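Work through the following exercises with the sequence and the model at hand. Each task is followed by a solution in steps.

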Amino acid sequence: MAIVDNSIDSSVYTPVEHWGKFLEVPFESFRAPEGRFPGLKGDFSHLILTGSESSVLERDAWVEDEVEFLREAVAQGYPTLGSCYGHQLIALALGGPDRVRRSPRPEVGWHPIEILVKGDVLGEEGRVYAFCSHFDEAVGLDTDFRILASTPACPIQAFKVVGRPVWGIQFHPEIDIPDARRYLRSLVGLGLPTSPVFADALRSEPRDSGLIRRIVRRFLGSKAAPDF
């Protein structure tokens, strides 16, 4: 497993640690903001693209490098899972810049999510709860993407790229309740203009359906695309 770590400040956000709790396979992480990406010569079987404190609308040089890396990984058939920022990055790389935008209603805290498609990486249809923290979102995806989950504020909570073992998940199933609380407290402590949003989320009732274990199990069971 290769984890592409998109985090900016490890004192606030540690996505590799979050994912590492649930990966029962060997993994190695690569810091995208430092220009480090996995090799694509068969050294890894699966790729995870993490979230980030950065906005997908701010395209520094490392973001463009990751877009090119991602396109090549998809072309080679690597099973790929993007979380939050990684989800948006897949939409950007495969759909174009008009497939991501600022969210009209950001989601921060624990939200009910409707799974729309049975039998994919999310499992059964129905309502689940998970931690969310995003101010951007994927939008207007065409028939190359199948929408798997939704919320009223974010219609594209999860998708699969049709014909490819590639998934995007906007919410954060990998951040459990204790880690989510620590993350929110760190953000409140930064005194950002958005700190009241994080403070409100910290006061809300945490609800987590534990979807992460199912997602990891099903993702790791996915195979490379036929032409890989």
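**Exercise 1.** Decide whether phenylalanine 69 is buried or exposed.

*Solution.* Buried means under 20% relative accessible area and exposed over 50%, with partly exposed in between (1.4 Å probe, protein chains only). Phenylalanine 69 has 9% relative accessibility, so it counts as buried. The model is predicted: local features need pLDDT of at least 70, side-chain atom pairs count only at pLDDT 80 or more, and totals for chains, interfaces and linings use all residues. Residues are numbered from 1 along each chain as its sequence is written, and side-chain values use heavy atoms, with hydrogens and water left out.

**Exercise 2.** Classify the aromatic pairs of phenylalanine 30 with phenylalanine 44 and of phenylalanine 37 with phenylalanine 69.

*Solution.* Step one is the rule: rings of Phe, Tyr and Trp (its six-membered ring) pair if their centres lie within 6.5 Å; planes under 30 degrees apart count as stacked, over 60 as edge-to-face and the rest as tilted. The whole structure has nine such pairs.

Step two takes phenylalanine 30 and phenylalanine 44: the centres are 5.5 Å apart and the planes stand at 90°, so this pair is edge-to-face. Phenylalanine 30 belongs to strand β2 (residues 28–31), while phenylalanine 44 is in the loop between β2 and β3, 14 residues apart. Strands (E, at least two residues) and helices (H or I, at least four) are DSSP runs, numbered from the N terminus. Both phenylalanine 30 and phenylalanine 44 are buried.

Step three takes phenylalanine 37 and phenylalanine 69, which are stacked, at 5.4 Å centre to centre with 25° between the planes. Phenylalanine 37 is in the loop between β2 and β3 and phenylalanine 69 in helix α2, so the pair ties together parts 32 residues apart in sequence.

**Exercise 3.** Find which residues touch the most other members of the largest nonpolar core.

*Solution.* A nonpolar core is a set of buried Ala, Val, Leu, Ile, Met, Phe, Trp, Tyr and Cys residues joined through side-chain atoms within 4.5 Å. The largest has 31 residues, and Leu47, Leu70, Leu89, Ile90 and Phe159 touch the most other members. Helix α2 gives the most to this core, with seven residues.

Next, list the contacts (heavy atoms within 4.5 Å) of leucine 89. Leaving out residues up to four places away in sequence, leucine 89 touches Val56, Val63, Glu66, Val67 and Leu70.

Notes. Contact = heavy atoms within 4.5 Å.
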